[in-house]
Amino acid sequence: MDQFTLNLLVVGATFALYIGIAIWARAGSTSEFYAAGRGVHPVVNGMATGADWMSAASFISMAGIIAFGGYNTSAYLMGWTGGYVLLAMLLAPYLRKFGKFTVPEFIGDRFYSQTARTVAVICLIVASLTYVIGQMTGVGVAFSRFLEVDKLTGLLIGAAIVFFYAVIGGMKGITYTQVAQYVVLIIAYTIPAIFISLQLTGNALPPMGLFSDATSSGEPLLSTLNGLLNDLGFANYTEQTDTTLNMFLFTVSLMIGTAGLPHVIVRFFTVPTVKDARYSAGWALVFIALLYLTAPAVGAMARLNLINTVYPNGTTEQPLAYDDRPEWVSNWEQTGLLSFEDKNGDGLIQYVADADANEFIVNRDIITLANPEIAQLPAWVIALVAAGGLAAALSTAAGLLMAISSAVSHDLIKSQINPEISEKGELLSARVSMGVAIVIATYLGANPPGFAAQTVALAFGLAAASIFPALMMGIFSKRINNTGAVAGMVTGLIVTLVYIFLHKGWFFIPGTNSFTDAEPLLLSIKSTSFGAIGALLNFIVAYFVSNATEDTPQEIKDLVEAVRVPRGSSAAVDH
């Protein structure tokens, strides 16, 4: 059986599974649509959270970022996993105790203001739409290669699949679909990694293989990789080349952005009790760790295999002739995500650090998906990775779209525009708003502002600067009032968004930027790291404005005091 047919069978089977689950778990009420009826077991919710979290950025793009960035990109691992610790300890149990459907609903009630709720909706939509651009980018990359279509066609196919199962199933359908997607993606990620680790080091455990000796040289794998990179003019893989300031701010931005992402937080509204919210956060960390402990090995080993492909006889010898290139290079050239330009006309593939001399351009987002082909693994492994990459991108896209539709239908339409709307009407508005969000995300996903992981990092910065401070102050400070909360959120969102647009282009339109991340506006702080600064400004503005205006009402102080004690759980209250 040829590779294309096998890809179709495996990917088609997984899609049939997802759609079947969505139909089986179709939401019939607003409680099921928004919070899966609050009846999800903590282990199941932990697994669904893992799938919701391990997006195209984690599965498809993160290993590529690590492969080419080395030590500097370890911040992705520290920030994204550390954020879950913050979420489990500081937010999840308290928000579940509050007993609402959405994050803007908590903010609106805690700060006794419909304006605060509306601002929270805007912050949520901006962060979630930016995030979903990265997911749709990943969908386009995966489909373009494995279904042998162009990237735009792949993007449209993926959007149609997400639209079908997310709009029908709501949170209930998405939850159980994400459990299936987690199983698919974690198997698809670890099996190739085990194969490749055995090939390169003889160690079946990729995290251990990363620190083992390479069979080709007898020296530590990372030392072998450093030597090859040095020969080609690249920086050491294990060397820090970014500034400590930017790496620190980037890690903080990812951590608090993780804790402030609405589509992750809403998962903890689906469990029966506060205790279950804590347990599901712990289980989510376990399931996430399986991939995150493997990702550094996948990145390093992929970079080593890539160099060995171009320089089969070693970096001191003549590189591979273009006419002798392996089949995987030809396959990925068709997608436009890998290219060769014979600058010196010798017919050989020059892969070097010097941009003027380098002839081999590899999009970082293809590394995980191309890894099994580069390592010449069996065809069924390649098909499995295709299914896993699509599962990762589609699961997170569905969760983000769920957060967006909930904010529009529940926090805008039901709460403010038409309070008398029927439950059936609210469900319809939720599904329509989700459809509109998919269309917008697909359009923006066709022209993303960076690689999938970089685009997602921007979304984390926006969530960090706008939503996380409001949640923290709402739970742990009785003095922060409605005026301060609104001023803080608006400041954090606008300042961070402007900083991003100055570096990535206004509304992500190419060519409209004034600065680049290579030459940033403020010190060495890149656009992906600025969320930490935006969050600091949010806290400062909220504090000073609150202390300059009226005190918080006593009933709100009593509410905060009640929420702080994470025992029991109140029933969901629909407004």
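Predicted model: local features only at pLDDT ≥ 70, side-chain atom pairs only at ≥ 80, totals over all residues.

Reader: Which element gives the most to the lining of the second largest cavity, and how do its lining residues divide by class?

Author: The most comes from α17, with four residues. By class, the lining of the second largest cavity has seven nonpolar residues, two polar and one charged.

Reader: How is such empty space found in general, and how many cavities of 30 Å³ or more does a search of the whole structure find?

Author: The general idea is that a probe the size of a water molecule is rolled over the atoms, which shows where empty space is left. Here the search of the whole structure finds two cavities of 30 Å³ or more, and the largest cavity holds about 70 Å³ of space. Its lining is made by Phe59, Ala188, Tyr189, Pro192, Ala193, Ile196, Val298, Thr368, Asn371, Pro372 and Val385. Helix α8 (151–201) gives the most to that lining, with five residues, and the residues of the lining divide into nine nonpolar, two polar and no charged.

Reader: Turning to the pockets, how much space lies in the largest pocket, and which residues are the closest to its centre?

Author: The largest pocket contains about 610 Å³ of space. It is lined by 25 residues, and the closest to its centre are Gly69, Asn72, Thr73, Arg364 and Lys526. The elements that give two or more residues to this lining are α4 (56–69) and α11 (244–260), and by class the lining has nine nonpolar, nine polar and seven charged residues.

Reader: How are two packed helices described, and at what angle do α14 and α16 pack?

Author: In general, two packed helices are described by the angle between their axes and the distance between the axes. Helix α14 (residues 295–310) packs against α16 at an angle of about 55 degrees, with the axes 10 Å apart, so α14 and α16 are oblique to each other. Their crossing is left-handed. On the α14 side the contact involves Val298, Ala302, Asn305, Leu306 and Thr309, which meet Ile367, Thr368, Asn371 and Ile374 in α16; by class, this contact has five nonpolar, four polar and no charged residues. Val298, Thr368 and Asn371 of this contact are also named in the lining of the largest cavity.

Reader: Why are α3 and α17 described as roughly perpendicular?

Author: Helix α3 (residues 42–53) and α17 pack at an angle of about 100 degrees, with their axes 7 Å apart, and α3 and α17 are therefore roughly perpendicular to each other, since angles of 65 to 115 degrees count as such. Ala51, Asp52 and Trp53 of α3 make the contact with Ala392, Ser395, Thr396 and Gly399 of α17.

Note on methods: Residues numbered from 1 in each chain as written. Heavy atoms only, no water. 1 Å grid on protein atoms, 1.4 Å probe; cavity = no way out; pocket = protein on both sides within 12 Å on 5 of 7 lines; lining within 4 Å. Points joined across faces, edges and corners; volume = space filled by probe spheres on them. Nonpolar A, V, L, I, M, F, W, Y, C, P; charged D, E, K, R; others polar. Axes fitted to C-alpha atoms, helices over the stretch in contact; angles between N-to-C directions. Parallel < 35°, antiparallel > 145°, perpendicular 65-115°, else oblique. Left-handed = near helix turned anticlockwise from the far one by under 90°. Contact = heavy atoms within 4.5 Å.
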